[in-house]
Every structure is written in structure tokens, then in C-alpha cells.
Amino acid sequence: MQVVVKRDKPERVAVDVLAVFLRQEKSLTPKSVVAQLDVRLGGRIRDYLDSGDFSGALNSTALVRTGATIQASRVLLVGLGKADAGTIDVLRQASATAATAARRLGVSSVAFLPPPCDIAPGEVGQALTEGALLGLYTLKKYKTAPENGDKDHLRELYIVATGSTTQRALESGVQRGQILAEAVNMARDLSNSPGNEVNPSYLAKQAQEIAAKTTLRCHVLDVDGMREHQMGCLLGVAQGSNQPPAFIILEHAPQGAQEKPIVLVGKGLTFDSGGISIKPAANMEDMKMDMSGGAAVLGIMQALAQLGYPRRVVGLVPSSENLPSGNAVKPGDILRAMSGKTVEVINTDAEGRLILADALAYAVQEFKPACIVDLATLTGAVVVALGSHATGMMGTDKAMMDRLRTAGEYSAERVWELPLFEEYSKQIKSDFADIKNVGSGREAGSIVGGAFLKEFVGDTPWVHLDIAGTAWTRENRPYIPKGATGVGIRLLVKALEDMVEGTAQPTATVTT
Ligand code: BES
Ligand code: ZN
Ligand code: ZN
């Protein structure tokens, strides 16, 4: 859906629902846009607040009939919560609440009246757009009939520019929000879709389609290409499946950008059964999302191209299935990575680090990057450690990790650092090969995963993001419906933008 900025008096906006955002306060701020609108409404909003039926708590709603006093048929009150708890994420959440409430009403048009706040209009436009488009996300492709009570007729979404608000700033924010939300929703589609459709060839095709509609260049290595590059670990994981693996390379090379690129690497395991070290059956179906890091990289690259990001960035997605078969890699097998290091496979379910090993080595050898950031649903242990509200972060690039922490707060895709002390590397020493793919014992599972990856980056500054806990949610959140979250895209785009002088913006809070 296209979000459109409309400059008009709120009472003149002819839509089915006009959403008005209010803080948790007993009274309307005199002379505010909402107070003026309420004069037209004959005090209907005032009455609602006085009755106590609408608290203004974050994501609370109430519907007010306008009785032809204004052009809109209904006014939807949407709570922003307490003023001092107000951040950009409050706007995303409230916007999603408003948009999904309008959808539930079965209406076709909704307009948002942005709340007065000290956040720059561009940021407000972006947050409202992100919230609405991310909140409205659904995957209907595999349903042959609409769900019970599915009356999704919502087609028009406006943001009203009033008073002195600069329409242009609001519009550029809306456009950024639109680009980011579309990238996230594309990644969600890929992760939510089943493994029998989204296999490595599908991911490769998707990457080629993204390149065709943007300025990105796409190249895909097939099995022969992988053999040429001696990607023994990726080939080893893929050998148990009938689906051929793919190694996707997407390049963003803006004119005049001469510097070493940033390389992003995303785990593209389109289904992880565990292989010969097979997983238990319960919830195994969720392992179709084991390509969420790869999907995030495709989304980030698409968004960077559409936003006109000024620096060179390369996205790499090693993609494979991990299945048991007569050809599958076995515990005890030794694989030779592209870097030349030999790896003893102790557990075939620790396959993500194997396919990433070759991608990291490829990044180092082919691009001599300024920095590598990988995103991977790597370990169940990170779900135990951090649950679903923080991504595990490890690495050697302190400056990038600081940037990611700040970007995590801004985007509400928070990261939390785990240590990568030298001592952890001892756990992956192998008796027969250079290293083994799991640690001795079950201690520090996520860190051992990071320690394994570190073996393949050499001196290149690098950050590893373990998104196993954050890529998927079992509960509906205001702008994250259950299933794939599309985590990492808004995070990385913000962190990368903050690297470019002049684009860093302070995190503002809602104060009025
Ligand atoms: N894809 C899984 C990790 C995962 C777990 C992702 C839960 C999303 C949710 C990964 O390939 C895996 O199986 N890791 C093993 C590693 C172990 C064998 C050292 C794990 O976490 O159990
Ligand atoms: Zn696995
Ligand atoms: Zn996996």
C-alpha cells in the first residue's frame, strides 16, 4: 500500500477513519490540533476522555462517531502512553495499532493525524509509515479462501500535514518508511514461506529480481562455481539434498565510491532438519526460517539501493538445505573450507557456521572489506540466553558494534554483546582436523559459534549477529505479527547510514 501525505485541515479529510493519537493525560492540550478538531466534533473526544472509557495507555483505542460534524465518518483515538515513555518506537506501535484497527473495521481509507512532538517531521513520517505497513503485514498466498471474518478492504492510508509541518520533510520520511517496510515485508515473506517453495534456487531468483529492479549487480555461483572456489564446507552441507545450493552475491557500487566495501553475509539455510544429527520433530517446521539472515541481507541491499546509499556494500548469501540422506555429510567427516582450514563435523546440525565459513573466507579474499557483518539464525543457545528481545552480538570491530548498539535502540531491534575471549576458541580444537564445528560440552553455545566464525575472518574487522531468537515470534506484537519478524534490516540500514557523515540523527523523544 502507498502511504500519501495530505495537507488539509483535519476536519476536511474525507476518509472512513481519522486516527488521532493521544497521550495518557486527562485533558486535551488547549489550542492543539486535536482540541481544535474537538470543537468541530462538539466535544465528543472530550466526553470520551471524561468518561474514562479511553485511558490513552499505549496501543489502547476507542472509536468515536462523528455524526457528520466533520468529513471523516469516524475518529479513532489511539493511546501513546505516558509522555516520558515516548520514543520513536511508540509512534511505530501506535501507528500499527491504528492501521490494524482500521482494517478490523473493514473500512477502505484511513488518515493519521500525527501527534505534536519534538521529533523531526521526517522521522515522524518514517515511524508512522513503518508502523502501519509492518503492522498490516500478512501472508495470504497459501490460503485458498479468506480467513473467517477477514474483511480487509483497506486501500488508502494518508498522513495529514497540518499547520507549520513541512510537507516535504514528512514526505521524504514517508518514502524512507515505505522503502524500509517493503524490504522487511519481503524478507518476512521469504522466511514465512515454506521450504518447498523457498529453496536456494528461489532465493537466487529473488536476488536476481531485486537486482533487475534496482541498480544492484547480482551474480550467483552454482555448484561448479563453488567447486572452483573450493567451498568445501558449503558443498559438504548441501550434498545431502537434491536441491542444488546457491551462493548469492549482490553488489551496491554507487558511482565514485572508491573505498573498501562493507560486506554483509546472511545465512541462507532454506530448511534445517539437522541432517544426520537430525532435530526432534516438535517445531521442526519452524526451521524453514533458517534463511532469515539471508533474507535480511537481500532486504538490506534492496533498501540501500533504493535509498541511494553513498558507500559500497556487498551482500553475500550462501544458501543450502540441510537434510539427511545417503549422500549427506556425517559426524566425523572432515571438510576443507575455502580458506584451506580443515573442519571436523561433529554435529551436522551445526551447519550454519559451515556455510558461513566459506562465505566469510570469500568476503575476505574477494573484497578485502573494511568490515564484515554477518546475520545468522545460528544457535538455539542464543534463544536460551536472550530470548526474543535481543540479538546476540559478538565480534572484533568495536566501532561497528557501538554503532549497532545505537542503531538497535533507534530501530527497536536491540543487540546485546556476548564476549569472544580467546579462551573460548580452545573449545573447538579438533583431534583430527584444524577445528571442529561444535564445542566440547554444552557451555557457551552461541559464543562457540562466534569463535568458530572468527577462524575465517582473519584480521578483517567483523561483527556476528546471532538472530536465532529475534528472527521469529510466537506472539503478535503491535507491528510484528507472529512468524518471521524481518529483523536486521532496519537495524543495519540505520547503522550503515550512521557511518556516513552528516546522516546521523539523534534519537529524539516525544515530549509534548
Ligand atoms: N538453525 C539452528 C539454530 C536455531 C535454533 C535457529 C532455534 C532458530 C531457532 C542451527 O543450525 C542449529 O541447529 N544449531 C545447533 C548447534 C549445536 C549443534 C552446536 C543448536 O543450536 O542446537
Ligand atoms: Zn542446524
Ligand atoms: Zn541452522
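1. A residue counts as buried when its relative accessible area is under 20%. Keep that cut-off in mind while you look at S446: its relative accessible area is 5%, so S446 is buried. One reminder before going on: this is a predicted model.

2. Where does S446 sit? You will find S446 in helix α13. Setting aside neighbours within four places in sequence, S446 is in contact with T379, A381, V382, M394, L418 and D466.

3. Now look at the helix as a whole. How many of the ten residues of α13 are buried? Eight of them are, which leaves α13 mostly covered. The buried residues are S446, I447, V448, G449, G450, A451, F452 and L453.

4. Next comes a partner for this helix. Two packed helices are described by the angle between their axes and the distance between the axes. For helix α10 (residues 352-367) and helix α13 (residues 445-454), the axes come within 9 Å and cross at roughly 30°. Angles under 35 degrees count as roughly parallel, so α10 is roughly parallel to α13. The crossing of α10 past α13 is right-handed.

5. Which residues make this contact? From α10 come R353, L354, L356, A357 and L360, while α13 contributes V448, G449, F452 and L453. Sorted by class, the contact of α10 with α13 has seven nonpolar residues, one polar residue and one charged residue. An α-helix has 3.6 residues a turn, so residues three or four places apart point the same way. That is a handy idea to have ready when you look along either helix.

6. Let's turn to the aromatic rings. A pair of aromatic rings is described by the distance of the centres and the angle of the planes. How many aromatic pairs does the structure hold? There are five. One of them joins F21 and F112, with 5.6 Å from centre to centre and 85° between the planes, an edge-to-face arrangement. Since F21 belongs to strand β2 (residues 17-22) and F112 to strand β5 (residues 109-113), the pair ties together parts that are 91 residues apart in sequence. Both F21 and F112 are buried.

7. Another pair brings us back to a residue from point 5. F452 and F456 form a tilted aromatic pair, 5.4 Å centre to centre, with 45° between the planes. Are these two residues buried or exposed? Both F452 and F456 are buried. Recall that F452 is also among the α13 residues that touch α10. Elsewhere, ring pairs link F247, Y362 and F367 into a cluster.

8. With a relative accessible area of 16%, S425 is buried. Leaving out neighbours within four places in sequence, S425 is in contact with A451 and E455. A451 is one of the buried residues of α13.

9. Finally, visit G332, in the loop between β11 (313-322) and β12 (334-336). Is G332 buried or partly exposed? Its relative accessible area is 42%, so G332 is partly exposed. Beyond its neighbours within four places in sequence, G332 is in contact with E344 and V345. G332 and V345 are 13 residues apart along the chain, and their C-alpha atoms are separated by 5.4 Å.

Key: Residues are numbered from 1 along each chain as its sequence is written. Chains are lettered from A and ligands numbered from 1 in the order in which they are written. This is a predicted model: local features need pLDDT of at least 70, side-chain atom pairs count only at pLDDT 80 or more; totals for chains, interfaces and linings use all residues. Side-chain values use heavy atoms; hydrogens and water are left out. Axes are lines fitted to C-alpha atoms, for helices over the stretch in contact, and angles run from 0 to 180 degrees between N-to-C directions. Helices (H or I, at least four residues) and strands (E, at least two) are DSSP runs, numbered from the N terminus. Angles under 35 degrees count as roughly parallel, over 145 as roughly antiparallel, 65 to 115 as roughly perpendicular and the rest as oblique. A crossing is left-handed if the near helix is turned anticlockwise from the far one by less than a right angle, and right-handed if clockwise. Contact means heavy atoms within 4.5 Å. Ala, Val, Leu, Ile, Met, Phe, Trp, Tyr, Cys and Pro count as nonpolar, Asp, Glu, Lys and Arg as charged, and the others, Gly among them, as polar. Rings of Phe, Tyr and Trp (its six-membered ring) pair if their centres lie within 6.5 Å; planes under 30 degrees apart count as stacked, over 60 as edge-to-face and the rest as tilted. Buried means under 20% relative accessible area, exposed over 50%, partly exposed in between (1.4 Å probe, protein chains only).
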